[in-house]
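Visitor: I'm new to reading protein models. Could you walk me through this one?

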Amino acid sequence: DIPIVLYNIPGRTNITMEPATVARLAQHPNIDTIKEATGSMDIATEITSLCDIHILSGDDTLTLPLMSLGGRGVISVLSNLLPDRVKAMVDVAKAGKFAVAQQLHKAMFPLCKAMFVETNPVPIKAAMAMVGRDTGELRLPLTPISTDHKAQLERVLREKGVL
């Protein structure tokens, strides 16, 4: 009897839920949300055309574009590090202030990209450690961030005023 969030992330599951499948699943009373991370605005648009399921971005870089299509927010990687910045962008987009949201999106974009210089969650855990927030050890098969990527991540964090 709890709400169910569909997880449309082909990069993790190797399967894309087609919009017609999502619409059919959305008829179930417990399914009310989809984490959409196919990277396709066409798929997101088709889903919104077929049903009223809540769409959350599963990719920080696509949150604002998805919200312009009716998305309601994001299940975010970057928000682990910068919850206030991500929330601010989502809030102004929800309010229809897309020019302001676009500025916030562009300011965060390099940080979003930096969170994926290696497989998630390696970079976000490294970034959290850099700012003094322990997130625990990585488990195999994941390994610590490479020296080159760590330097790249640190540079972006400094440029964006996080460090």
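Visitor: Is Asn14 buried or exposed?

Guide: A quick note before that: this is a predicted model, where local features need pLDDT of at least 70, side-chain atom pairs count only at pLDDT 80 or more, and totals for chains, interfaces and linings use all residues. Residues are numbered from 1 along each chain as its sequence is written, and side-chain values use heavy atoms, with hydrogens and water left out. Now, buried means under 20% relative accessible area, exposed means over 50%, and partly exposed is in between (1.4 Å probe, protein chains only). Asn14 has a relative accessible area of 70%, so it is exposed.

Visitor: Where does Asn14 sit, and what is its phi?

Guide: Helices here are DSSP runs of H or I with at least four residues, numbered from the N terminus. Asn14 lies in the loop between helix 1 (10–13) and helix 2 (19–25). Its phi is positive although Asn14 is not a glycine, with a value near 65 degrees.

Visitor: How many disulfides are there?

Guide: A disulfide is a covalent bond between the sulfur atoms of two cysteines. The rule used here asks for a pair of cysteine sulfur atoms within 2.5 Å. Cys51 is buried at 14% relative accessible area, and Cys112 is buried at 6%. By that rule, the disulfide count is zero.

Visitor: Which residues does Met89 contact, leaving aside its neighbours within four places in sequence?

Guide: Met89 belongs to helix 5 (residues 83–94) and is buried, with a relative accessible area of 2%. Contact means heavy atoms within 4.5 Å. With those sequence neighbours set aside, the partners of Met89 are Thr63, Leu64, Ala101, Leu104, His105 and Met108.

Visitor: And what does His105 touch, not counting residues up to four places away in sequence?

Guide: His105 is in helix 6, and at 15% relative accessibility this residue counts as buried. Without residues up to four places away, the list for His105 is Thr61, Leu64, Pro65 and Met89.

Visitor: How are helix 6 and helix 8 oriented to each other?

Guide: Two packed helices are described by the angle between their axes and the distance between the axes. Axes are lines fitted to C-alpha atoms, for helices over the stretch in contact, and angles run from 0 to 180 degrees between N-to-C directions. Helix 6 (residues 98–114) packs on helix 8 at about 160 degrees, with the axes 10 Å apart. Angles under 35 degrees count as roughly parallel, over 145 as roughly antiparallel, 65 to 115 as roughly perpendicular and the rest as oblique, so helix 6 and helix 8 are roughly antiparallel.

Visitor: Why are helix 7 and helix 8 oblique to each other?

Guide: Helix 7 (residues 122–130) and helix 8 (residues 147–159) pack with their axes 10 Å apart. They are oblique because of the angle between them, which is about 60 degrees.

Visitor: Which residues of helix 6 and helix 8 meet?

Guide: On the helix 8 side, they are Leu153, Val156 and Leu157. On the helix 6 side, they are Pro110, Leu111 and Ala114.

Visitor: Where is Pro121, and which residue is joined to Pro121 by a cis peptide bond?

Guide: Pro121 is in the loop between helix 6 and helix 7. Omega of the cis bond is about 15 degrees, and the residue joined to Pro121 is Asn120.

Terms used: Helices (H or I, at least four residues) and strands (E, at least two) are DSSP runs, numbered from the N terminus.
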